[in-house]
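Work through each task with the structure at hand before reading the solution.

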Amino acid sequence: MIPLSYLDQRPMTNQIQTVLDVNQLGKSYKTFKKAPGLMGAIKGFVNRVEIPIHAVQPTSFTIRRGEFIGLLGPNGAGKTTILKMLTGLIPPTSGSAVAFGKYDTSARDKSYLRRIGMVMGQRNQLHADLPAMDSFHLTQAIYDIEQNRFRERLKTCLDLFDIHEKVSVPVRKLSLGERMKMEMINAILHEPELLFLDEPTIGLDFNAAKQIRNFLADANKKLGLTIVLTSHYTKDIEELCRRVIVINHGSMIYDGPLEGLDVRLHGERVFSLTFENSLALNHFKARLTEDSDINILNSTVESSLDLQFASPTRSVGRILKGLNEKINSSDIVDI
């Protein structure tokens, strides 16, 4: 892994600092109901029926310096809306978010914007008809990055993604993976302290996604860069995020460690075993009573046994291995 020398070697203290304090932040829209056809359009023009849409219900959470947080939920849950409110792209309709202890995110204070970065996998920040290098120079001018420092950071980023030969190619002629690498480079050139990522690996091949994950893990671990990530790829979340926030229908339903989410989502599994005869079944039951992780359920099928156990992803293999040690394969007819 190439050292991330382009980021500030900011001294990190042992004291936990709050980067974002979100208090009852919510967003509502209104739209209007329209019946189909010309008559529907006329009726809608004369008598408009308003429909409220609650994109994000009042939500509260705190993000501490150095955290890597996964913001999870189905499409339309409100994840991107939350990121847009936290970056000041859209104002909230209720509540507030305070960054670094002093900035109201909705005010779009220039000092706050200099300390954050954002990458949206489904939105271009680079100009499609210009080479990425032109956009990099524009970022340099906007953030007043000293020339030598700019060259150093840019070279390191290009080395990391092995994409030197593509900086002079118009962005619209790049592949999706190449474009996302350029977007990532552009978002970190000004050395942000807080980085928002909205599905940055969407559509990427294995190698490109892995390169981005490696970079993000290194930046977070070594330099304390605080990162908020939304993604539908399990690999992104499992490899990078220690804490996850789950949003569903605009409401926060979980905020805690990834392992805790594992237990809540997977619930319990039931295995149905059919034995050669009742003697084999009873022999297996006698051996199974010592395992407190497994419950024996009643079965309506003769010579069959239903076993129930909690199944967070990381425990399934252990339980199956334990079952295998107790079963004589010649006694089993079906599973």
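**Exercise 1.** In which sense do strand 7 and strand 8 pair, and over how many bridges?

*Solution.* The model is predicted: local features need pLDDT of at least 70, side-chain atom pairs count only at pLDDT 80 or more, and totals for chains, interfaces and linings use all residues. Residues are numbered from 1 along each chain as its sequence is written, and side-chain values use heavy atoms, with hydrogens and water left out.

Step 1. Strands (E, at least two residues) and helices (H or I, at least four) are DSSP runs, numbered from the N terminus; two strands pair if DSSP finds at least two bridges between them.

Step 2. Strand 7 pairs with strand 8 (residues 226-230) in the parallel sense, over 5 bridges. Within this pairing, L195 stands opposite I227 of strand 8.

Step 3. From strand 7 the chain passes through helix 7 (residues 206-223) to strand 8, a right-handed β-α-β crossover. Right-handed means that, with the strands pointing away from the viewer, the path from the first strand over the helix to the second runs clockwise.

Step 4. Strand 6 is also joined to strand 7, in parallel, by 5 bridges; here M120 has D198 as its bridge partner.

**Exercise 2.** Determine why strand 7 is largely enclosed by the rest of the structure.

*Solution.* Step 1. A residue is buried under 20% relative accessible area, exposed over 50% and partly exposed in between (1.4 Å probe, protein chains only).

Step 1. In a regular strand, side chains alternate between the two faces of the sheet.

Step 2. L194, F196 and D198 are buried on one side, and L195 and L197 on the other.

Step 3. Because 5 of the 5 residues of strand 7 (residues 194-198) are buried, the strand is largely enclosed.
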